[in-house]
Structure formats: C-alpha cells, structure tokens
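Please look over the model below before reading on.

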Amino acid sequence: MPQADLVVVANRLPVDRIEGPDGEPQWRRSPGGLVTALEQVMQNIDGAWVGWGGKPDLDVEPFDLDGTLLVPVPLSRSDLRDYYEGFSNGTIWPLYHDVIATPEFKRSWWDAYVRVNRRFAEAAAEHVAEGGFVWVQDYQLQLVPQMLRELRPDVIIGYFHHIPFPAYALFQQLPWRRQVLEGLLGADVVGFQRVADAGNFQRSIRRLLSYPTKGDTIRVPTADDSHRLVVSKAYPISIDAKQFIELAQDPQVLARAKELREQVGSDKVLLGVDRLDYTKGIRHRLKAYGELLHDGRIKGHDATLVNVASPSRPGVEAYQDLRDEIEMTVARINGDYSTVENTAIRYLHQGFPREEMVALYLAADVMLITALRDGMNLVAKEYVAVRGDNTGVLVLSEFAGAADELGSALLINPHDIDGMKDAIMRALEMPPAEQARRMRTMRRKVLENDVEKWGALFLADVERIRAFRAGEEQAS
Ligand code: G6P
C-alpha cells in the first residue's frame with residue numbers, strides 16, 4: 001500500500017455512498033464545507049483521507065478518488081449509537097456548546113469513543129509516510145492525536161477543532177476531562193476557531209494538568225524528563241470565496257435567484273439557513289419573527305422568511321424534539337399570519353445543492369444568523385461573499401465565531417428577543433448607503449481571509465514545528 005505525505009483524519013469521508021443507475025453502489029463527492037476547505041490543501045499533495053463512509057457496517061477496501069486515497073473506517077450500528085450519536089453528539093456536542101441541551105455522561109459511550117478513536121488512529125498510522133503530516137479534524141476524534149503519537153512518533157500531527165471549546169467551569173463537568181486534554185496534546189499544533197476557544201483550552205490545561213503555557217505554546221512533559229512544545233491558537237476557518245463569487249455570476253444561478261424572488265412575491269425576503277440543530281437559535285428566530293407579525297411591525301405582503309433547516313442527526317432524541325417544536329411553531333405562525341397570497345414562513349426541511357443556496361443568498365435582502373453558540377458559521381461568510389453589489393444585510397449572533405471578523409454585521413444577542421426584533425426591523429429598513437458601507441467592509445475580510453489562507457496559516461505552524469524538531473535532532 002503506498003504511503004501518503006499528508007493524511008486527513010475526519011469522522012466522515014469526503015464522499016457519500018449512493019446507488020448508481022445500474023443498482024451498483026457508487027461514491028459521490030459530498031459538498032460539505034470541510035471537504036472544500038481541505039480539497040484546496042490536498043491539491044498537489046500525495047494525500048489520503050481516513051473517515052467513515054456514512055453507512056453502518058460498511059467494510060470497503062481503500063480506493064483512489066481523483067488522486068486522493070480514501071480509507072473507509074467501518075462503524076457498526078452499536079459504534080454509531082455509542083460513539084457518534086452517544087459520546088460525540090450526546091455528550092461532547094452539547095457540553096461544548098454551553099450546555100444548551102443537557103449533556104449525558106455515560107460510561108458505555110466513553111468506552112465506545114476510546115475504541116473507535118483507536119480504530120481511526122490505527123488507520124492513519126498505517127497510511128502515513130515516514131515523517132509525514134497527519135491532520136485530525138474535530139471533536140469526534142479528540143483522542144486520535146495521542147494514540148497516533150504512540151503508534152508513530154516520527155510523524156507531525158495537527159488537530160483542528162471546528163466547534164467551540166467551552167469555558168473551564170463547563171469542561172470541568174466531563175468525567176474524562178484529563179484523558180481528553182491528554183488526547184489533544186498528542187498533536188504538535190492544536191487549532192481553534194476563536195482566540196477565546198484557545199484561551200479556554202489553555203486554561204483547562206493549566207487547571208487540570210498544571211502544564212505551563214506561554215503565549216501560543218504549551219510545554220508538555222515527556223517520558224524522558226524533557227518536554228515537547230505544542231502550539232495552540234486560533235485559525236478562523238473560511239470558505240472558498242472565489243468559488244462562491246463565480247457561482248454568483250453564473251447566468252443560470254442569477255436567473256434562478258430572480259425566479260425565486262418573484263415566486264416568493266413579498267417586498268422583502270429574509271433568509272435562515274442552518275442544519276436543524278438546537279445550537280442555531282432557530283426557535284429564538286421564529287419567536288422574534290412571530291412577535292413582529294403579531295405586533296403588526298411586519299404585515300402581510302411586507303416580508304417572507306425563508307427558513308432552510310437541513311436534516312441532521314435524526315437518531316439523537318434532542319434533534320427529534322427540536323424538529324417537532326420548530327414545525328409546530330412554523331405551522332402556528334403560518335396559520336395565524338399567512339394569507340392566501342402570502343406565506344409568512346417558507347420552511348424547508350431539506351438540503352440543497354450549492355447553486356440553489358447561492359441563488360437563495362442572492363434573493364435574500366436580510367440573512368438571519370441567530371446561533372446561541374457556533375464554532376464559526378460559514379453561512380455568514382457565504383452570504384457576504386456572494387453579495388457583489390454590496391446590497392443586503394447580515395444579522396449575526398455574537399455567539400458565532402464569524403462575529404470576530406464580521407463586526408460590521410448587525411450583531412445581536414439572540415437571547416434578547418426584543419433586541420433581535422429591533423435588529424430585524426433595522427435590517428429591513430436599512431438605507432442602501434449603509435448596507436453598502438457595512439457589506440464592503442465585510443466582503444474585504446472574507447475575500448482576504450479565505451480558506452486557502454486558513455490552510456496556509458495552519459501549515460506554516462506545522463512547518464515551524466518540523467523545523468524545530470529537526471534542529472533538536474541535530475543538536476542531540
Ligand atoms: C459540524 C461539525 C462537523 C460535522 C457537521 C455535520 O459542522 O463541526 O464535524 O461533520 O457538523 O454533522 P454530522 O454529524 O452530520 O457529521
């Protein structure tokens with residue numbers, strides 16, 4: 001088996017297994033943000049990607065896709081229940097998102113998390129070349145860096161955490177808090193979305209492990225009474241801005257945007273786009289919008305809210321409950337305030353191809369991002385990237401990582417319903433000159449700090465570590 005200089009390890013492979021026209025299974029590229037982000041980094045490199053194939057009990061040999069070796073990691077139904085739905089999405093996800101939902105601490109879930117993390121680490125160890133670089137992604141795999149270091153001390157290991165890292169007072173609740181920190185510290189570079197996340201991580205390290213931290217570095221003691229330096233800092237992830245700008249200029253996409261606009265019919269279009277997740281503040285958004293209709297500040301033909309909530313983690317109870325609640329609320333608001341000609345909320349529980357999303361962004365006067373907690377929120381950056389004529393208003397939660405860069409949005413605290421209502425009205429009434437001023441500033445940021453730059457900044461620190469290690473070896 002050929003070995004790769006760069007191995008990405010993520011919970012999911014960048015492909016979905018689908019049924020081809022002849023009934024034979026086939027792989028199709030999945031359009032997620034991580035995939036496009038890393039696609040750029042993996043170009044021109046001899047790369048491999050280790051991940052789950054998206055279906056239970058799928059045991060397939062590694063295969064090549066456009067020059068990247070894809071290495072499927074099999075997960076059984078019970079692995080999925082205990083490692084994916086359980087520990088990843090029933091313990092870590094709610095704990096790291098400020099306990100918006102209550103995390104459950106189950107020992108059997110933890111055992112599965114350890115077991116499955118080891119499987120990913122072993123697959124990466126098998127496929128990485130001598131002295132290569134392994135880039136581990138996200139909260140499902142926090143133990144992989146340390147496990148991999150034990151198996152392959154020769155490789156450089158990076159870890160990027162796509163979701164928030166919580167304040168110490170919350171992280172402290174985790175019964176396996178030390179093991180998780182030790183797991184992450186197996187990496188040479190540990191990346192976060194926000195400066196605040198890196199700060200929370202370092203504080204937990206100091207409090208729980210008593211390792212000294214200085215600036216961006218942590219001194220981790222090693223078995224030979226020496227120490228290793230781990231870099232831990234913020235690298236805010238982004239989008240392939242050029243690709244979005246190109247799509248926004250595509251005649252078919254433009255025609256579709258016009259068509260959507262005409263079909264919606266109302267004077268203004270507000271848009272919400274999220275996975276159906278309790279972290280996204282969809283309930284708060286609907287509450288604010290429903291009250292604006294109730295108060296008569298928005299009337300019949302004035303506006304429509306198009307709310308896309310793509311299906312997510314349907315096996316987890318909190319997501320099932322959320323769906324019921326949201327669908328009940330949408331039905332009530334529509335029952336009370338729609339007219340035969342105008343629907344108050346167009347609710348879509350579906351995922352759409354990127355072209356359709358860009359057409360929706362182009363059709364929307366106001367984009368509503370109301371997350372109660374969010375690592376970054378790339379939808380905010382996508383909306384800004386496509387608004388080439390500098391029209392449109394972004395209403396953005398302070399609790400999304402994107403708020404650090406997009407300070408010219410109308411920033412809101414989604415817990416403050418009155419404040420959110422006022423921000424929505426301000427967005428609907430904003431004069432074009434103010435829209436342009438704000439949008440121009442935000443577009444500059446998004447175009448400058450695109451995903452290519454994100455990858456380059458992370459890899460520059462990886463090289464720094466590599467050089468440091470080489471220097472140490474020479475000295476010894
Ligand atoms: C978030 C996480 C990703 C995850 C994605 C979709 O963005 O940070 O790691 O892949 O949600 O969730 P899913 O559970 O469907 O993979």
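**Briefing on the predicted model**

Gly 158 stands opposite Val 189 in strand S9, where helices (H or I, at least four residues) and strands (E, at least two) are DSSP runs numbered from the N terminus. This is a predicted model, in which local features need pLDDT of at least 70 and side-chain atom pairs count only at pLDDT 80 or more, whereas totals for chains, interfaces and linings use all residues. Residues are numbered from 1 along each chain as its sequence is written, and side-chain values use heavy atoms, with hydrogens and water left out.

- Phe 192 has Ala 234 in S12 as its bridge partner.
- Strand S9 (residues 189-192) is covered on both faces, with Val 189 and Gly 191 on one side and Val 190 and Phe 192 on the other all buried, where buried means under 20% relative accessible area, exposed over 50%, and partly exposed in between (1.4 Å probe, protein chains only).
- Strand S4 (residues 47-52) and strand S6 (residues 68-72) pair in the parallel sense over 4 bridges, and the bridge partner of Val 50 in S6 is Val 71.

**Helix H10 and its surroundings**

- Helix H10 (residues 282-294) has 13 residues and reaches 18 Å from its first C-alpha to its last, close to the expected 18 Å, a span defined as 1.5 Å times one less than the number of residues.
- The buried residues of H10 include Ile 282, His 284, Arg 285 and Tyr 289.
- Among the elements against which the buried residues of H10 pack are strand S13 (268-275), helix H11 (317-337) and helix H14 (417-429).
- Just after H10, Gly 296 takes a positive phi of about 80°.

**Gln 202 in helix H7**

- Gln 202 is found in helix H7 (residues 195-209) and is buried, with a relative accessible area of 9%.
- Leaving aside neighbours within four places in sequence, Gln 202 is in contact (heavy atoms within 4.5 Å) with Thr 213, Gly 215, Asp 216, Thr 217, Ile 218 and Ser 232.

**Pocket and cavity**

- On a 1 Å grid over the protein atoms alone, a cavity is a set of points where a 1.4 Å probe fits but cannot get out, a pocket is an open set with protein on both sides within 12 Å along at least five of seven lines, and lining residues have an atom within 4 Å of a point.
- The second largest pocket holds about 390 Å³ of space; of the 15 residues that line this pocket, the closest to its centre are Thr 222, His 227, Arg 228, Arg 469 and Glu 472.
- Helix H16 gives the most to the lining of the second largest pocket, with 5 residues.
- The structure holds 1 cavity of 30 Å³ or more, and the largest cavity has a volume of about 30 Å³, a volume being the space filled by probe spheres set on grid points that are joined across faces, edges and corners.
- Helix H15 gives the most to the lining of the largest cavity, with 4 residues.

Note on methods:
Pairing = 2+ DSSP bridges.
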